[in-house]
Amino acid sequence: MRKIIFLDIDGTLYSTKIGRIPDSAEEAIQLARQNGHKIFLCTGRALSEVQKYLNYAVDGFILGAGGMVYADGKRIYDHPIDTQNVTRIKKTILKSGLGYCLEGAAGSYCSEVGYEYLLKYFSGGVTDRQKQIALCMENGTYPESFGSEENDHIYKICAYGPSWEPLYPKLEKLLEQPFILTKSVDHPDEQLCIGEVTNKMVNKGTAIQKVLDHYNEEAFNAIGIGDSANDIPMFRVCGTSIAMGNGAEEAKRAADYVTTDILDDGIYNVFLHYGLIGEKK
């Protein structure tokens, strides 16, 4: 039976340790599509941050943690954060002592503090600052002074700090409905923590349902693969949910199956486990 496979990007396909997608994951995607399965990239990244993936051999995209959906080359859903709430959330994040990035369709715009965290995040281990800046640009990410969200649609806002405690709980209390905070990255040893601010009514799960409705498919034909708490709404909708071996513990607890680490052929191994691809000859 043909499946629709929803793949998170960061921590699932894209490894920050090597700054790219592992070769085995690329091969697994190609083989699965040859077998008739559909592949969707289902990411918290906004459109501006997936430019290098737009010609990727997949069937569609869920972007901005569910705020924008493409299927078969057509945008079938669009739900940005309104300008008034973007301004309010920016001020709330700054009041909490954190940096931010406003993730939009044309660009992602960072506060000074947020940009420094993203230079490190996208570096893939590179220490040369000019190369770090180039890698950020490849991912559609810029200092806020380079552009403005005023003429763009913002789909998600991320807050950046060195650890979850004590600043993120403060931010969570200050956020107004319907916005919520979800931990997406927590690497205290690297002094890197990322929290996503999103509309609680819009998430990867609601977006997957849009895709299933588009194809007139049932949830049991959907497979969701991710690594962090923002993937849990995806897990709840998909008939089969899979967490990466390198994933957060809350994601592993919510999943039906845990595959190997992203750098230990995690995607290839789980595609093989569920019969989406065959054994290597």
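Axes here are lines fitted to C-alpha atoms, for helices over the stretch in contact, and angles run from 0 to 180 degrees between N-to-C directions. Helices (H or I, at least four residues) and strands (E, at least two) are DSSP runs, numbered from the N terminus. Keep in mind that this is a predicted model, where local features need pLDDT of at least 70, side-chain atom pairs count only at pLDDT 80 or more, and totals for chains, interfaces and linings use all residues. Residues are numbered from 1 along each chain as its sequence is written, and side-chain values use heavy atoms, with hydrogens and water left out.

Two strands count as paired if DSSP finds at least two bridges between them. Inside the sheet, C101 has C158 in β9 as its bridge partner.

Now for the other sheet. This one is open too, with 8 strands, mixed pairing and the order β5-β4-β3-β2-β1-β12-β13-β14. Its edge strands, pairing on one side only, are β5 (74-78) and β14 (257-258). Helix α6 (residues 204-215) packs on this sheet and touches β1 (4-7), β2 (38-42), β3, β4, β5 and β12 (222-226), with its direction at about 155° to that of β2. Contact means heavy atoms within 4.5 Å.

Here are some of the strand pairs from both sheets:

| Strand pair | Sense | Bridges |
|---|---|---|
| β1 and β2 | parallel | 4 bridges |
| β2 and β3 | parallel | 3 bridges |
| β3 (residues 60-63) and β4 (residues 68-71) | antiparallel | 4 bridges |
| β6 (residues 99-104) and β9 (residues 154-161) | antiparallel | 6 bridges |

β2 is mostly covered, with 4 of its 5 residues buried; buried means under 20% relative accessible area, exposed over 50%, and partly exposed in between (1.4 Å probe, protein chains only). From β1 the chain goes through α1 to β2, a right-handed β-α-β crossover. Right-handed means that, with the strands pointing away from the viewer, the path from the first strand over the helix to the second runs clockwise.

Helix α1 (residues 23-34) holds S24, which is buried at a relative accessible area of 11%. Leaving aside neighbours within four places in sequence, S24 is in contact with D265 and Y268. The side chains of S24 and D265 are joined by a polar contact of 2.8 Å (a pair of N or O atoms within 3.5 Å; within protein, one must be able to donate a hydrogen and the other to accept it, and residues adjacent in sequence count only if both atoms are side-chain atoms).

Finally, the nonpolar cores: sets of buried Ala, Val, Leu, Ile, Met, Phe, Trp, Tyr and Cys residues joined through side-chain atoms within 4.5 Å. The largest has 48 residues, and those with the most contacts inside it are I5, L7, L41, Y53, I225, I267 and F271. Helix α3 (residues 112-121) supplies the largest share of this core, 5 residues. Apart from this core lies another, of 21 residues, including I62, V69, V202 and F235.
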